[in-house]
Structure formats: structure tokens, C-alpha cells
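Subject: Structure for you to look at

Hello,

Here is the structure I said I would pass on. Please open it first, and then read the notes below it.

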Amino acid sequence: MNTKNTKTAYFLLRVSMGINLFGHGLVRVIKLHDFAEGITDSFEESWLPASFVYTFSTVLPFLEFIIGLLLMIGFKTRITAISGALLIIFLLFGSSTVENWEAMGFQMIYAGLFYILISRIDDNYLAFDSK
């Protein structure tokens with residue numbers, strides 16, 4: 001495969017994932033209390049304790065914001081991508097407790113994209129930590 005094209009594709013995917021997470025985090029931080037309350041309400045039927053759900057949904061936007069920012073600039077890309085994948089695993093677990101299969105479908109797409117970012121880390125390009 002053409003190395004230049006592969007590296008360009010990796011860069012575009014990394015930045016796209018970064019913008020996606022950064023945007024999620026940014027808009028949620030601005031309305032943090034409302035976001036956390038809404039998530040907590042949507043987990044009423046879950047066996048997860050409301051205090052845990054509220055705490056997690058209060059921290060979530062900051063994690064999304066930070067992971068997104070680090071992906072956009074390509075700083076500690078491998079660790080950041082692994083952190084993003086772990087975050088998706090937590091979201092999948094939470095979604096399963098309320099049987100939100102539609103959300104899990106989208107979250108599995110994110111999991112696949114993080115797989116690509118992690119497995120193709122040698123293609124990292126135009127990043128603070130690129131070779």
C-alpha cells in the first residue's frame with residue numbers, strides 16, 4: 001500500500017475521531033448539570049446506582065474533551081486511542097444495562113475505529129508524537 005496515502009488516511013481518521021470526541025465533550029461540559037441529570041434519568045431502569053451514573057456522566061464530557069483534543073493534535077496517540085477504546089467499553093457496558101441496543105450499534109462503530117487507530121499506530125502522521 002502507498003505509505004503516503006496510508007499515513008494521510010490515518011491522520012484524517014485520527015483528527016476526525018478527535019473532533020468528534022472533542023465536540024461531544026465541549027457541548028456537554030457547557031451544560032454539564034443538565035447532561036448528567038438527563039443521563040441519570042435515562043438510567044432509572046438500570047441496576048446501576050444513580051449516584052454512580054451521575055458521577056460517571058459528570059466525568060464523561062471531560063474525558064471526551066481531553067481524549068478528543070489529544071487525538072486531534074496527535075499527542076500520546078497510542079495511549080490516547082487505548083483510553084478512547086476503554087471509554088467506549090464503559091459506554092457499551094452502560095448501554096447494555098438499559099438495553100439500548102441502538103446506542104450500542106453506534107458505539108461498536110467507534111470501537112472499530114479505535115481498533116484501526118491502535119492497530120495502525122505506525123501510520124501516525126502529522127502528530128506531536130509521530131516518528
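A crossing is called left-handed if the near helix is turned anticlockwise from the far one by less than a right angle, and right-handed if clockwise. Helices (H or I, at least four residues) and strands (E, at least two) are DSSP runs, numbered from the N terminus.

This is a predicted model, in which local features need pLDDT of at least 70 and side-chain atom pairs count only at pLDDT 80 or more, while totals for chains, interfaces and linings use all residues. Residues are numbered from 1 along each chain as its sequence is written, and side-chain values use heavy atoms, with hydrogens and water left out.

Overall layout

The chain has five helices and zero strands. Read from the N terminus, the order of elements is α-α-α-α-α. Along the principal axes, the C-alpha atoms fill a box of roughly 50 × 30 × 20 Å.

Helix packing

Two packed helices are described by the angle between their axes and the distance between the axes. Axes here are lines fitted to C-alpha atoms, for helices over the stretch in contact, and angles run from 0 to 180 degrees between N-to-C directions. Angles under 35 degrees count as roughly parallel, over 145 as roughly antiparallel, 65 to 115 as roughly perpendicular and the rest as oblique.

Start with α3 (50–73) and α4 (77–97). Their axes are 10 Å apart and the packing angle is about 150°, so α3 and α4 are roughly antiparallel to each other. The crossing of α3 past α4 is left-handed. In their contact (heavy atoms within 4.5 Å), the residues of α3 include F56, L60 and L63, and those of α4 include L87, F90 and L91. By class, this contact has 10 nonpolar, three polar and one charged residues. Ala, Val, Leu, Ile, Met, Phe, Trp, Tyr, Cys and Pro count as nonpolar, Asp, Glu, Lys and Arg as charged, and the others, Gly among them, as polar.

Next, α4 and α5 pack with axes 9 Å apart at an angle of about 165°; α4 and α5 are therefore roughly antiparallel to each other. Their crossing is left-handed. Among the residues that meet are I88, L91 and S95 in α4 and Q107, Y110 and F114 in α5. The contact of α4 with α5 has 15 nonpolar, four polar and no charged residues.

Last, the axes of α1 (residues 3–30) and α5 (residues 101–119) come within 10 Å and cross at roughly 135°, so α1 and α5 are oblique to each other. This crossing is also left-handed.

The largest pocket

A pocket is an open set of points on a 1 Å grid over the protein atoms alone, where a 1.4 Å probe fits, with protein on both sides within 12 Å along at least five of seven lines; lining residues have an atom within 4 Å of a point. Grid points are joined across faces, edges and corners, and a volume is the space filled by probe spheres set on the points.

The largest pocket holds about 640 Å³ of space. Its lining has 28 residues, and I39, L60, L91, S95 and Q107 lie nearest the centre. Which helix gives the most to this lining? That is α4, with seven residues. The lining divides into 18 nonpolar, eight polar and two charged residues.

Regards
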